[in-house]
Amino acid sequence: MRFLVASDLHMEVTGREPVRRMIAAMDRDSPDAVVLAGDIGNPSFIFAECLAEFHRLGVPVLVLAGNHDVWISQNESSAPLFTKILPRVTRGEGYFWLDGDEPFLLEDRDGQKVGIAGSMAWYDYSARDPERGLTDEQILAMKPRFAMDARCVDWPQSDQEFAAACRERLRKQLDVLEADPDVKAILVVTHVPIFDNQMDRRPEDDFWTLGNPFFGHFTMGEDVARYSKVRWVVSGHTHVAMNGVVEREGMTPIATAVVGSDYHKPRYLIVDAE
């Protein structure tokens, strides 16, 4: 089975034609399913327009929201966008909303299943650089310098509270897949990276280093690494292509990646589930 994972299309900036060219390339790669890992388009009508372009592939499309997708706009607040509007738009296109309590299953000719679990993930400041010694309160105070989310996201939860809710939903999905004897492997897709080897640290760049707390959710990675059937983790958000391996004692390693998509340059990755 072949899965294609795209992220950070930002169609409100990128425009329609680069997305269409990417979809044409996807079609040539003959996917069995496509996962869109967030930052698809904002406001919600552009999110919907972007999703509509993927019908030409004729395969299941799984959708996550990214942080930009829940930015307030045109009287749409972040919480309704995440909990109601974007899931409704996704299901209206006949696609699968991947940030719920249920995972997605795809079955091969032999009856073996690959499960896909997903989460926006959000950031909980666990990707901070430890040597900086910054507290959560100090990081929050710096947030307007490094993340437009500070001005454009208006839900009532703290970053840590929303991140914890993301972890809980993902654990529910993974529990279902891990317990299913027919599931041979699990692909986890997140918007925000969840492992350190998905981070481009740049210790020589002070500004970049101080922004790292808003680019990872390592607490979620600790959870994910406990599930033996997880084979691949693909994320977006940073726009920096990364590849790595998470070694686990007594379990199969996890191959990790970040989709190197950027404004005007939408990209995707191929995951072949052999």
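Phe54 touches Leu9, Val19, Met22, Ile23, Met26, Val34, Leu36, Val61 and Tyr95, leaving aside residues up to four places away in sequence; contact here means heavy atoms within 4.5 Å. The model is a predicted one, where local features need pLDDT of at least 70, side-chain atom pairs count only at pLDDT 80 or more, and totals for chains, interfaces and linings use all residues. Residues are numbered from 1 along each chain as its sequence is written, and side-chain values use heavy atoms, with hydrogens and water left out.

Phe54 and Val224 touch the most other members of the largest nonpolar core, which holds 68 residues. Such a core is a set of buried Ala, Val, Leu, Ile, Met, Phe, Trp, Tyr and Cys residues joined through side-chain atoms within 4.5 Å, and buried means under 20% relative accessible area with a 1.4 Å probe and protein chains only (over 50% is exposed, in between is partly exposed). Another core, of 20 residues, lies apart from it, with Ala37, Leu106, Val189 and Val234 among its members.

Leu106 also turns up in strand pairing: its bridge partner in strand 6 is Val114. Helices (H or I, at least four residues) and strands (E, at least two) are DSSP runs numbered from the N terminus, and two strands pair if DSSP finds at least two bridges between them. Strand 5 (residues 104-107) runs antiparallel to strand 6, with four bridges joining them. Five residues sit between the strands of this hairpin, where Gly111 takes a positive phi near 85°. On strand 6 (residues 113-119), seven of seven residues are buried. Lys113, Gly115, Ala117 and Ser119 point one way, while Val114, Ile116 and Gly118 point the other. Strand 7 (residues 183-190) runs parallel to strand 6 and is joined to it by seven bridges, with Ser119 opposite Thr190.

As for open space, the largest pocket takes up about 470 Å³. A pocket is an open set of points on a 1 Å grid over the protein atoms alone, where a 1.4 Å probe fits, with protein on both sides within 12 Å along at least five of seven lines; lining residues have an atom within 4 Å of a point. Volume is the space filled by probe spheres set on the points, which are joined across faces, edges and corners. The lining has 22 residues, with His68, Phe146, Phe215, His237 and Thr238 nearest the centre. Helix 8 supplies the largest share, three residues.
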